Amino acid sequence: MERDEFLKSLGIGLAMVCTGTCLQSCGKGGSDDTGTPGNPPGGGGGGGGGNTASVDISSMTAVGSQNTVNGVLFIRMDAANAASSFVATEAVCPHEQGVLTWQHNNSRIICGNHQSTYSSTGAVTGQPVGGGTTRALKIYTVSLTGTTLTATKT
């Protein structure tokens with residue numbers, strides 16, 4: 001085998017390995033609905049598994065309180081202890097999986113990565129800073145039993 005042929009075959013082999021690794025990584029998809037990557041901070045929560053997430057509303061006494069559990073961002077919108085007083089949405093930004101938080105003073109949900117903003121209904125109110133686009137947030141149905149607020153992820 002000539003030197004040129006050897007280098008050519010080595011280059012093709014290396015390119016195949018790199019392409020395979022890249023395709024394998026791309027095929028794994030982005031964030032799952034559990035809040036990873038970044039594992040958004042929670043606390044004071046109940047839990048849940050599968051397609052639900054639960055939180056004890058006693059950990060969210062003030063209007064504007066928020067809690068992240070099992071990939072769901074819970075927000076208290078009203079002082080009443082009724083399911084309609086709460087909003088539950090996905091906890092990570094659909095743009096690049098940044099952690100979402102509720103800004104009560106500005107009445108918006110904001111992404112910590114690129115400052116995409118959303119209304120409490122999940123509508124996009126500001127696209128990512130620096131480029132790219134995002135979609136509306138998923139809003140989950142909530143139910144209240146005693147002091148346990150449960151969101152059903154769809």
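**View 1. Thr-52 and its bridge partner Thr-152 in S11.** In this predicted model, local features need pLDDT of at least 70, side-chain atom pairs count only at pLDDT 80 or more, and totals for chains, interfaces and linings use all residues. Residues are numbered from 1 along each chain as its sequence is written, and side-chain values use heavy atoms, with hydrogens and water left out. Strands (E, at least two residues) and helices (H or I, at least four) are DSSP runs numbered from the N terminus. S2 and S11 run antiparallel and are joined by five bridges; two strands are said to pair if DSSP finds at least two bridges between them. Thr-152 in S11 also stands opposite Thr-141.

**View 2. The hairpin of S10 and S11.** Five bridges connect S10 with S11, and the two strands run antiparallel. Two residues lie between the strands, and Gly-146 in this hairpin adopts a positive phi near 65 degrees.

**View 3. The largest nonpolar core.** A nonpolar core is a set of buried Ala, Val, Leu, Ile, Met, Phe, Trp, Tyr and Cys residues joined through side-chain atoms within 4.5 Å; buried denotes under 20% relative accessible area, exposed over 50%, and partly exposed in between (1.4 Å probe, protein chains only). This core has 13 residues, of which Val-55, Val-72, Phe-74, Ala-88, Leu-149 and Ala-151 touch the most other members. At least two core residues come from each of strand S2 (52-56), strand S4 (72-76), strand S5 (86-90), strand S10 (139-145) and strand S11 (148-152). Apart from this core lies another, of ten residues, including Ile-75, Cys-93, Ile-109 and Leu-137.

**View 4. The surroundings of Val-72.** With neighbours within four places in sequence left aside, Val-72 is in contact (heavy atoms within 4.5 Å) with Ala-53, Asn-67, Ala-88, Thr-89, Ala-91, Tyr-140, Ala-151 and Lys-153.

**View 5. The open sheet of four strands, S6-S7-S8-S9.** Pairing in this sheet is antiparallel, and S6 and strand S9 (124-126) are the edge strands, each pairing on one side only. Strand S6 (residues 100-103) is joined to strand S7 (residues 108-111) by four bridges, and Trp-102 stands opposite Ile-109 in S7.

**View 6. The turns on either side of S7.** Four residues lie between S6 and S7 in their hairpin, where Ser-107 in the turn has a positive phi of about 50 degrees. S7 pairs with strand S8 (residues 117-118) in the antiparallel sense over two bridges, and Ile-110 has Thr-117 in S8 as its bridge partner. The hairpin of S7 and S8 has five residues between the strands, with Gln-115 taking a positive phi near 60 degrees.

**View 7. The protein as a whole, for orientation.** Of the 154 residues, 33% are buried. The accessible surface (Shrake-Rupley method, 1.4 Å probe; for residues, only the protein chains shown count as cover) comes to about 8500 Å², of which 54% belongs to carbon and sulfur atoms.
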